[in-house]
Amino acid sequence: DEISDDESSDVDPYVIDNYDVKATVDKYNKLHIEETIKVTFNKYRHGIIRTINKINHVARANGSKSTVYAIISNVKVSSHSSAVREGGDSTTIKLGSSLTYAKRHETYRLSYDYDLGTDQLSQADEFYFNIIGAGWNTGITKVDFHITMPQEFDGKLGFSTGAYGMRSGSDIVEYSVKGKEIT
């Protein structure tokens, strides 16, 4: 169970074993998010990079589309040293130290606020959130999520998994709804 320094092998440098997301949504579409990311490193790395997109392209089942611009604030990392870089389209968080290599197994914990602003739809109350984000350059073995909505709701849930633009639908994800909780 060693870390490899052989950069020529085709094994992923790291794999996410479990990605756990807890999100609390308020009535103004502002989320407080806590992420716990458990990683196994197969090659020497200083850590991982978490990129949080500020621009969300929403494609609905009825064919309509919209773009949602989020504001990210209050980024906190509680488990490792970090560096946060703001860009126009995203916030990038480097988790880990540039001075030392990550251990074989690491757990990264971070939290932030994600403000989606006003609803895009006038005839319905819509909530769109990319639970794990895009741009991960590795495999993710398991994802757990717990989303607390501001109130109970009746409506359809839709999910997408896999690479960007792949098949979507609620049959892909094992989930349950109890009151205002989605897990």
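Analyst: Helices (H or I, at least four residues) and strands (E, at least two) are DSSP runs, numbered from the N terminus. This is a predicted model, in which local features need pLDDT of at least 70 and side-chain atom pairs count only at pLDDT 80 or more, while totals for chains, interfaces and linings use all residues. Residues are numbered from 1 along each chain as its sequence is written, and side-chain values use heavy atoms, with hydrogens and water left out.

User: Is lysine 54 buried or exposed?

Analyst: Lysine 54 sits in the loop between strand E3 (47-53) and E4. Its relative accessible area is 14%. Buried means under 20%, exposed over 50% and partly exposed in between (1.4 Å probe, protein chains only), so lysine 54 is buried.

User: Which backbone oxygen does the side chain of lysine 54 reach?

Analyst: Not counting residues up to four places away in sequence, lysine 54 touches (heavy atoms within 4.5 Å) several residues, among them Val68, Glu86, Gly87 and Tyr114. At 2.8 Å, its side chain reaches the backbone oxygen of glycine 87.

User: Which residues of strand E5 point to the buried face?

Analyst: The side chains of strand E5 (residues 65-69) alternate.

User: Of what type is the aromatic pair of tyrosine 14 and phenylalanine 41?

Analyst: The structure holds 5 aromatic pairs (ring centres of Phe, Tyr and Trp, its six-membered ring, within 6.5 Å; planes under 30 degrees apart stacked, over 60 edge-to-face, the rest tilted). The rings of tyrosine 14 and phenylalanine 41 have centres 5.9 Å apart and planes at 40°, so this pair is tilted.

User: How many residues apart in sequence are the parts that this pair ties together?

Analyst: Tyrosine 14 has 8% relative accessibility and counts as buried, and phenylalanine 41 is buried at 0%. Because tyrosine 14 lies in strand E1 and phenylalanine 41 in strand E2, the pair ties together parts whose separation in sequence, in residues, is 27.

Technical notes. Polar contact = N/O pair within 3.5 Å; in protein donor to acceptor, adjacent residues only side chain to side chain.
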